[in-house]
Amino acid sequence: MEVHDDRRVVPMLQGRRGGPAERFAGRLGGRHPAAVFFAALLAGFVILGLISIALGLLVTEVLLQTGGLAHSDESTVKSIVAERTPFLTDASEVGSILGGAPLLPILVGVIAIACALMRRWLIAAFAVFVLAVESATYRVTSLAAPRDRPHVHRLEDLPADASYPSGHTAAAVAVYVGLVLLLTSAFPSRALRIWAWVVAIVIPVSVALARMYRGMHHPLDVAGGLIIGIGALLVLLFACRAAGVAQEARSSRAAKSAPRHRAERVA
């Protein structure tokens, strides 16, 4: 996994000296960058999953036991549903598509293939695994902290006890914000960067509103999805930076050993 070019092209993948990514890679004692990447990925996923499950249990077992918060969470969705129109219903379907399958898997797959062909391995790994970490975290959280969906007419036939968290919101944050976070550093125009960030923010917000409009999630579910999406981004940034540090150390060792090998051949 050669990652030097990726780090030059994407400064966001450059970990700071003495930072957690460098310390993590150092503890693995010169392992291959790919091994360091997956070790960091797994460690980050476990931590994120535990945090997400804890928050899910806090919501379902503590916060929602107070009648006022539960009523407010439910009434917000009912207010949104009361404004349904044919146009908004169609728009909500588009919003749901933007945050779910098959669009997002296809999008990250195309990006990963294109980056792999250009040998931008870290960017390819980021695109694929940010969605994988998000999806896995959403799944374990929804199983550990089941919650009934809003008591309204729902526009989709999905399991009724998988309201928390919003997987579509989490996926939209992880993919769109993540890609813009990486790619804007390569944009020469400040105006272009601003527009890219506007898109990266508007899409997840639209997805979140669409999921509530369609009766699939409460506001607290959307907030849980937001946390998972941001967490998945942090996990992948950490894993990519740790792999970059490992590759740098590997290249440094190879550079130091090359003169010695040349001298031995001459002798």
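The model is predicted, and its chain holds 10 helices and 0 strands, so that the pattern read along the sequence is α-α-α-α-α-α-α-α-α-α. Of the 267 residues of the chain, 42% count as buried, and residues 24 or more positions apart account for 82% of the contacts with a separation of 6 or more.

**Helix 6 against helix 7**

- Helix 6, residues 103-117, and helix 7, residues 121-144, pack at an angle of about 165°, with their axes 7 Å apart.
- Because an angle over 145 degrees counts as roughly antiparallel, helix 6 and helix 7 are described as roughly antiparallel to each other.
- From helix 6, the residues Leu-104, Pro-105, Val-108, Ile-111, Ala-112, Cys-115 and Ala-116 take part in this contact, and they meet Trp-121, Ile-123, Ala-124, Ala-127, Val-128 and Leu-131 of helix 7.

**Helix 6 against helix 8**

- The axes of helix 6 and helix 8 come within 11 Å and cross at roughly 30°, which makes helix 6 roughly parallel to helix 8.
- Helix 6 passes helix 8, too, in a left-handed crossing.
- On the helix 6 side the contact is formed by Leu-103, Leu-104, Leu-107, Val-108 and Ile-111, while helix 8 contributes Ala-171, Ala-172, Val-175, Tyr-176 and Leu-179.
- By class, this contact of helix 6 with helix 8 has 10 nonpolar, no polar and no charged residues.

**Val-175 as a local view of the packing**

- Val-175 is found in helix 8 and is buried, with a relative accessible area of 1%.
- Not counting residues up to four places away in sequence, Val-175 touches Leu-104, Leu-107, Val-108 and Leu-131; of these, Leu-104 and Val-108 in helix 6 and Leu-131 in helix 7 are also listed in the contact between those two helices.
- Val-175 and Ala-200 are 25 residues apart in sequence, and their C-alpha atoms are 9.0 Å apart in space.

**Nonpolar cores**

- The largest nonpolar core has 38 residues, of which Leu-13, Phe-37, Leu-41, Phe-126, Val-130 and Leu-236 touch the most other members.
- At least two residues of this core are supplied by each of helix 2 (20-27), helix 3 (33-61), helix 6, helix 7, helix 8 (167-183), helix 9 (190-213) and helix 10 (219-266), and the largest share, 11 residues, comes from helix 10.
- Apart from this core lies another, of 11 residues, among them Val-108, Ala-172, Leu-179 and Ile-203.

**Backbone features in the loops**

- Most residues other than glycine have a negative phi, and most peptide bonds are trans.
- A cis peptide bond joins Ala-101 and Pro-102, with omega about 5°, and Pro-102 lies in the loop between helix 5 (86-98) and helix 6.
- A cis peptide bond also joins Tyr-164 and Pro-165, with omega about -10°, and Pro-165 has its place in the loop between helix 7 and helix 8.
- Arg-119, in the loop between helix 6 and helix 7, has a phi near 60°, a positive value in a residue other than glycine, and this arginine is exposed, with a relative accessible area of 52%.

Note on methods. Residues are numbered from 1 along each chain as its sequence is written. This is a predicted model: local features need pLDDT of at least 70, side-chain atom pairs count only at pLDDT 80 or more; totals for chains, interfaces and linings use all residues. Side-chain values use heavy atoms; hydrogens and water are left out. Axes are lines fitted to C-alpha atoms, for helices over the stretch in contact, and angles run from 0 to 180 degrees between N-to-C directions. Helices (H or I, at least four residues) and strands (E, at least two) are DSSP runs, numbered from the N terminus. Angles under 35 degrees count as roughly parallel, over 145 as roughly antiparallel, 65 to 115 as roughly perpendicular and the rest as oblique. Contact means heavy atoms within 4.5 Å. A nonpolar core is a set of buried Ala, Val, Leu, Ile, Met, Phe, Trp, Tyr and Cys residues joined through side-chain atoms within 4.5 Å. Buried means under 20% relative accessible area, exposed over 50%, partly exposed in between (1.4 Å probe, protein chains only). A crossing is left-handed if the near helix is turned anticlockwise from the far one by less than a right angle, and right-handed if clockwise. Ala, Val, Leu, Ile, Met, Phe, Trp, Tyr, Cys and Pro count as nonpolar, Asp, Glu, Lys and Arg as charged, and the others, Gly among them, as polar.
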